[in-house]
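Student: I have a structure open and I'd like to learn how to read it. Can we go through it feature by feature?

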Amino acid sequence: MSGWLTDQPIDVARLVADVASAGSGGTVVFLGTVRRSEADGDVEAIEYSAYQEMADAELGRIVAETRARWPEVRIALRHRTGLVPLGEASVVIAASAPHRAEAYAASRFLIEETKRRAPIWKKERLATGAARWVEGRPAGG
Amino acid sequence: MSGAPGKGSGSEAGIRVCIRLFATYAEAAGRDAIEVTLPPGAVAADALAVVRAQPWAGRLAPSPAVAVNRRYAKADAELRDGDEVAIIPPVAGG
């Protein structure tokens with residue numbers, strides 16, 4: 001697996017520890033979690049698939065851009081592939097900085113760019129055993 | 001055959017590319033890649049045209065994103081022999 005993608009449950013505490021530093025005054029942690037809405041009905045899990053080599057490269061570019069814009073921010077990011085059960089995190093971003101404003105801004109930028117650009121797709125797995133693709137958004141890049 | 005140089009990359013025989021498919025496109029195609037040889041001077045739009053000619057092309061988004069060598073590319077991006085192209089369905093990561 002690459003540095004940004006994993007097929008295992010994401011170790012949130014580990015990512016928080018990865019960005020910790022004596023200079024950090026604020027740490028922001030974002031979890032993107034599998035949810036069920038009324039419209040979705042009986043979603044039990046979401047299966048994430050990726051163009052792995054490009055997802056790795058594109059996430060690397062997104063992180064590099066984030067570091068260029070907020071040089072004092074320390075960043076950790078993991079996106080999960082494979083089956084992610086309801087309630088579990090499909091993506092985790094940890095961002096720490098001397099001041100919270102930069103940590104919040106960098107975290108927001110990371111998730112928005114990931115959603116816009118990463119070549120990753122999702123398929124809902126229902127309690128009935130059926131599966132349906134979730135409609136995506138036009139890939140930007 | 002003469003040895004005259006062409007204006008694009010690749011041999012006189014053409015530019016070999018692998019067009020990778022994912023998610024709904026791979027499912028519709030029943031495969032995850034199309035190997036194709038394009039004429040010298042071919043660009044990303046030419047690879048997309050190959051996909052638009054497939055029997056399942058009705059499943060394509062109106063303007064699918066195209067990647068060349070793991071980076072989003074414009075329609076006029078030049079292709080080289082051995083390039084990896086991908087037609088990217090609307091994304092749903094994050």
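Student: Let's begin with the contact. How many residues does it take from chain A and from chain B?

Tutor: This is a predicted model, so keep in mind that we are reading computed features. The contact takes 24 residues from chain A and 18 residues from chain B.

Student: Which elements give two or more residues to the side of chain A that touches chain B?

Tutor: In chain A, those are α2 (52-69), α3 (100-117) and β7 (120-126).

Student: Let's take α3(A). How do I read a helix that has a buried side?

Tutor: α3(A) has 18 residues and reaches 26 Å from first C-alpha to last, close to the 26 Å expected at 1.5 Å a residue. Its buried residues are A:Glu102, A:Ala103, A:Ala106, A:Ser107, A:Leu110, A:Glu113, A:Thr114 and A:Arg117. Those residues lie on the same side of α3(A), because they cover an arc of only 140 degrees around the axis.

Student: Which exposed residues does the face turned away from the buried side of α3(A) carry?

Tutor: A:Ala101 and A:Glu112. As for the cover over the buried residues of α3(A), it includes β2 (26-33), α2, β4 (74-80) and β6 (89-97) of chain A.

Student: Several of those are strands. How do I read a sheet?

Tutor: The general idea is that strands of a sheet pair through backbone hydrogen bonds, either parallel or antiparallel. Here, one open sheet of chain A has four strands in the order β1-β4-β6-β2, with mixed pairing. At its edges stand β1 (5-6) and β2 of chain A; each has a single partner strand, so one side of each is left without a neighbour in the sheet.

Student: How many bridges join β2(A) to β6(A)?

Tutor: Eight, and the two strands run antiparallel. If you want a landmark, find A:Val28, which stands opposite A:Ala95 in β6(A). Helix α1 (residues 12-19) of chain A packs on this sheet and touches β2, β4 and β6 of chain A, with its direction at about 20 degrees to that of β6(A). α3(A) packs on the sheet as well, touching β2, β4 and β6 of chain A, and its direction makes about 150 degrees with that of β6(A).

Student: What does β7(A) pair with?

Tutor: Strand β3 (residues 43-50) of chain A pairs with β7(A) in the antiparallel sense over seven bridges. β7(A) and β8(A) also pair in the antiparallel sense, over three bridges. Follow A:Glu124 across the sheet: A:Ile46 stands opposite A:Glu124, and A:Glu124 stands opposite A:Arg132 in β8(A). Another pair to find is A:Arg125, opposite A:Ala131 in β8(A).

Student: How many residues lie between β7(A) and β8(A) in their hairpin?

Tutor: Four, and in the turn A:Gly129 has a positive phi of about 100 degrees.

Student: What should I make of positive phi in other residues?

Tutor: Most residues other than glycine have a negative phi. B:Ala23 is in helix α1 (residues 23-29) of chain B. Phi of B:Asn69 is also near 50 degrees, and B:Asn69 is in the loop between β3 (65-68) and β4 (71-73) of chain B.

Student: Why is B:Ala23 called buried, and why is B:Asn69 called partly exposed?

Tutor: Count neighbours; 20 or more other C-beta atoms within 10 Å makes a residue buried. B:Ala23 is buried because 24 other C-beta atoms lie within 10 Å. B:Asn69 has 17, so B:Asn69 is partly exposed.

Student: Which residues are buried in helix α2 (residues 44-52) of chain B?

Tutor: B:Ala44, B:Ala47 and B:Val51. Seen down the axis of α2(B), its buried residues fall within an arc of 65 degrees, so they line one face of the helix. Their cover includes β1 (15-20), β2 (33-38), β3, β4 and β5 (84-88) of chain B.

Definitions and conventions: Residues numbered from 1 in each chain as written. Chains lettered and ligands numbered in written order. Predicted model: local features only at pLDDT ≥ 70, side-chain atom pairs only at ≥ 80, totals over all residues. Contact = placed C-beta atoms within 7 Å. Expected span 1.5 Å × (residues − 1). Buried ≥ 20, exposed ≤ 12 C-beta atoms within 10 Å, placed from the backbone. Arc of directions from axis to C-beta. Pairing = 2+ DSSP bridges. Axes fitted to C-alpha atoms, helices over the stretch in contact; angles between N-to-C directions.
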